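Dear colleague,

Please find the structure below, handed over for your review. My findings follow it.

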Amino acid sequence: MKARHDPKPWRHWADSELPIQSLILGAISTDARGCWNWIGPRNPNGYGWVRIRGKISLVHRLSYQNFVGDIPVGMVLDHLCRNRACSNPSHLQAVSHKENILRGTGAAAANSRKTHCKHGHALSGVNLVMVGHSKSERACRTCKNAASRS
């Protein structure tokens, strides 16, 4: 009799005696970029998850911890491939939360990469001024001065 492929291999994790590495490798689909795409459930942000002994764990974190080692205290994992469903440990890097945000595609990351204001003035040297409630926003001194004169 031919062995039947289990379409939901992750559902047996809570009772499994297999090493986590084997469980992860049994519930992924690899793609051309080398991503280990989790075929199980994903949270609303696209990260794979699994319940083990009543506790929900993110699969990319389990993968890193079981194939690489502990995630250093105060660090988060950055998906270098930008694919949140990926659990390939070679696509994951432990970085600070700030570094992870700045590597992303959100507004904070986009603004941090700007080298000039919308009027073409450099956002560096004496022309750079820090503004905002916590002095964490960059602004152009030339444009700020021009705005205060009008």
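Against which helices and strands do the buried residues of helix 2 pack? They pack against helix 1 (20–25), strand 2, strand 3 (49–52), strand 4, strand 5 (75–79) and strand 6 (92–96). Helices (H or I, at least four residues) and strands (E, at least two) are DSSP runs, numbered from the N terminus. Contact means heavy atoms within 4.5 Å.

This is a predicted model, in which local features need pLDDT of at least 70 and side-chain atom pairs count only at pLDDT 80 or more, while totals for chains, interfaces and linings use all residues. Residues are numbered from 1 along each chain as its sequence is written, and side-chain values use heavy atoms, with hydrogens and water left out.

The buried residues of helix 2 are Val59, His60, Leu62, Ser63 and Tyr64. Buried means under 20% relative accessible area, exposed over 50%, and partly exposed in between (1.4 Å probe, protein chains only). Just after helix 2, Gly69 takes a positive phi of about 150 degrees.

Ser57 lies in strand 4 (residues 55–58) and counts as buried because its relative accessibility is 15%. Leaving aside residues up to four places away in sequence, Ser57 touches Gly48, Trp49, Val50 and Leu62.

Ring pairing (Phe, Tyr and the six-membered ring of Trp; centres within 6.5 Å; planes under 30 degrees apart stacked, over 60 edge-to-face, the rest tilted) gives one aromatic pair. Trp36 and Phe67 form an edge-to-face pair, at 5.5 Å centre to centre and 80 degrees between the planes. This pair links distant parts of the chain, with Trp36 in strand 2 (residues 36–38) and Phe67 in helix 2 (residues 59–67), 31 residues apart. Trp36 counts as buried, because its relative accessibility is 16%, whereas Phe67, at 33%, counts as partly exposed.

Kind regards
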